[in-house]
Amino acid sequence: MDEIDRNRLFLKDVKRLVIKVGTAVVTRNDGRIALGRLGALCEQVKELNSKGYEVILVSSGAVGLGRQRLKYRKLVNSSFADLQKPQVELDGKACAAVGQNSLMALYDSLFSQLDVTSAQLLVTDSDFRDQGFRRQLNETVMSLLSLRVVPIFNENDAVSTRKAPYEDSSGIFWDNDSLAALLALELQADLLILLSDVEGLFSGPPSDPKSKLIHTYVKEKHQGEITFGDKSRVGRGGMTAKVKAAVNAAYAGIPVVITSGYAAENIIRVLQGQRIGTLFHQDAHLWESVKDMGAHEMAVAARESSRRLQALSSEERKKILLAVANALEANENLITEENEADVAAAEIAGYEKSLISRLVLKPGKISNLAKSVRMLANMEDPIGHVLKRTQIAEGLILEKTSSPLGVLLIVFESRPEALVQIASLAIRSGNGLLLKGGKEAKQSNAILHKVITEAIPESVGSKLIGLVTSRDEIPDLLKLDDVIDLVIPRGSNKLVSQIKNSTKIPVLGHADGICHVYVDKSADMNMAKRIVLDAKVDYPAACNAMETLLVHKDLVQTGGLNDLVVDLRLEGVTLYGGPRASAELNIPETHSFHHEYNSTACTVEIVNDVQAAIDHIHEHGSAHTDCIITEDHEVAEVFLCQVDSAAVFHNASPRFCDGARFGLGAEVGISTSRIHARGPVGVEGLLTTRWILRGSGQVVDGDKGVTYIHKDIPIDS
């Protein structure tokens, strides 16, 4: 099943649709009827009809069928001498007259087998100049639809005043594509589907390997970029005519999808919201980012904006964050609507529950995010903070100060609140920012980005925070080590590994969150139960949730292990065991200790003592967050000193490993690196240092010009 396109969720509300069937769909390459394709089409119409959809067909193919029959008739009636003469092209209008009868007989036969009644309606361009005709047409079609009859339209080419062979493209409509668009408007359809012999609209001829399928047509973006191939092998206009009709209908308010009529279930799949074919919609420019700058230009624009941000006063930067917080709260309903659309699309697409859980912006989340942004705003300004002051020589003062890194590239999955946290941290730390969120949170990320950037004053520029919408741009961005200073991937092990292997830019982050809780023999068991349940159940999909429970061997005999297991099972946690625990508890053995469940499941293992627990963590953990529960303070100190993880806790849940809970205001991620920043990365982790030297005309002159003192000066002085 193709992925669900969240921009197409409106299709679930479609009731009346016009389907245009092209000549290339109705006929085979040899000109004969494509009976299998036509039968599959009729079966889809039957299914839609039975579900209450109102289906109107516009079918080409009559001229082609008529030409085939008349060629045969002419051959039968010709003498041998006639066949030696130059063959004259058959009259197109005669072909239309013969073919229309054959085409409708075929539809009638196929629909009758499916217990569906169809009706033929032939129209000409001149008919639509008569307002009385248009009113009557509407009444007739509405009457047919109320009786579940399928109207089948075609231009009455046999009596049309157009010049053969259809060179005339003037008038109210000029082919069956434009007729279908006109009927969709006249009959107030909810959707127009144009069936073709290709998958949809491509950026170039479909036969060109470099051509790419355009899933959503944006007039401002694609109008000048598309190169059309040859016209239809049998019809009048091919893809050029379809695009013209689709644009006209879409901008008049009728959504259009161009897709292949060769696939047996494509109409059904379109109505399910699957990402097939090309969608034309009057609001498409709001969904699709028009790429007006390349990856390098985007990064440069972010750097330039960040320098303007750094030039502001501390109070002015604070005001920007407060404006962001206010904007989030003011747009909460709009943000929730877009998030709900993402969640609905993810559920339809069958994403895992853990991913959907991370995707949801729960009630109160926007308020909490706004609160975190205000907390950041009210923190001490981190930029230009003097960390060390030294008197180098008389009248020569050296200062080590905090400074923004420059431009950050953050690639994250699922969690739309991460965008808010990261953006607010970037503003507070004076950094430029490029964001690439997961496709599953596309609409949530777009609205959050819009709300935040609109709160940034023009003196800084909205390009301070760029939103990368295409996965294709990521490889280009990862090459920009001259303008991007740090990459922070937030997501799966696969994502982090791919990025680390694809760039020279420093990467900060963690691949896995294999967090352990070790319950020592001296633990307060009531405390242990609370911490263990919180560590696993509070938010199972979080990277700081417990994935492995280690239990001292003595707790097997005292019943402590059993109590912990019972409590976890009562909360619906699925248990897997190491070799010792699986034998003791009769639970399935885990396939690997190095496994992040991200769900209500965890591994349990029995260890001999604290040293065995430490060894287990070092061998199988991810150096994220690990916890010991014990009343023996000597044992606790051994654990705290020897476990080599970013965060190590005593008698506290690993869920506390979070930037907001640490008082950092927010976090850009959690780092398991040992260079630069480790653990929850807040504002300080997005800063570097620079040296400011204040002199009074000193020169080195072979170190003879000054007398070095190297005296530390108190920072407060």
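Where is the place of Asn651? I found Asn651 in the loop between strand 20 (647-650) and strand 21 (669-671). Before going on, I noted that this is a predicted model, where local features need pLDDT of at least 70, side-chain atom pairs count only at pLDDT 80 or more, and totals for chains, interfaces and linings use all residues. I also noted that residues are numbered from 1 along each chain as its sequence is written, and that side-chain values use heavy atoms, with hydrogens and water left out.

I looked up the backbone of Asn651 and got a positive phi of about 55°, although Asn651 is not a glycine. Asn651 is partly exposed, with a relative accessible area of 23%. For the wording, buried means under 20% relative accessible area, exposed means over 50%, and partly exposed is in between (1.4 Å probe, protein chains only). Helices and strands here are DSSP runs numbered from the N terminus (helices are H or I, at least four residues; strands are E, at least two).

Then I went to Asn586, which has a phi near 60°, a positive value in a residue other than glycine. Asn586 sits in the loop between helix 24 (579-585) and strand 18 (601-607). Asn586 is exposed, at a relative accessible area of 70%.

**Entry: strand 5**

How many residues of strand 5 are buried? I got 6 of the 6 in strand 5 (residues 191-196), so this strand is largely enclosed by the rest of the structure. Leu191, Ile193 and Leu195 point one way, while Leu192, Leu194 and Ser196 point the other way.

Next I checked the partners of strand 5, where pairing takes at least two bridges found by DSSP between two strands. Strand 1 (residues 16-21) pairs with strand 5 in the parallel sense over 5 bridges. Strand 7 (residues 256-260) also runs parallel to strand 5, and 5 bridges join them. Ile193 stands opposite Ile19, and Ile193 stands opposite Val257 in strand 7 too.

**Entry: a parallel sheet and its helices**

I followed an open sheet of 4 strands with parallel pairing, in the order 13-12-11-14. Strand 13 and strand 14 (486-490) are at the edges with a single partner strand each, so one side of each has no neighbour in the sheet. Neighbouring strands are turned by 15° against each other on average, direction ignored. Strand 11 and strand 14 share 5 bridges, and Ile410 has Ile488 as its bridge partner in strand 14.

Helix 17 lies across strands 11, 12, 13 and 14, at about 165° to strand 12 (432-436). Helix 20 (residues 493-500) lies across strand 11 and strand 14, at about 160° to strand 14. Axes are lines fitted to C-alpha atoms, for helices over the stretch in contact, and angles run from 0 to 180 degrees between N-to-C directions.

I checked the length of helix 18 (residues 442-454): its 13 residues should span 18 Å at 1.5 Å a residue, and its end C-alpha atoms are 18 Å apart, which agrees. That expected span is 1.5 Å times one less than the number of residues. Buried residues of helix 18 include Ile447, Leu448, Val451 and Ile452. The buried residues pack against, among others, helix 13 (314-330), helix 17 (417-429) and strand 11 (407-412).

Ile320 and Ile452 are 132 residues apart in sequence and 9.5 Å apart in space, C-alpha to C-alpha. Beyond its neighbours within four places in sequence, Ile320 is in contact (heavy atoms within 4.5 Å) with residues including Leu309, Ile427 and Pro457.

Last, I looked at an open sheet of 4 strands with antiparallel pairing, in the order 23-10-9-24. Strand 23 (687-694) and strand 24 (708-712) are at its edges. Strand 9 (residues 386-393) pairs with strand 10 (residues 396-404) over 6 bridges, and Gln391 has Ile397 as its bridge partner in strand 10.
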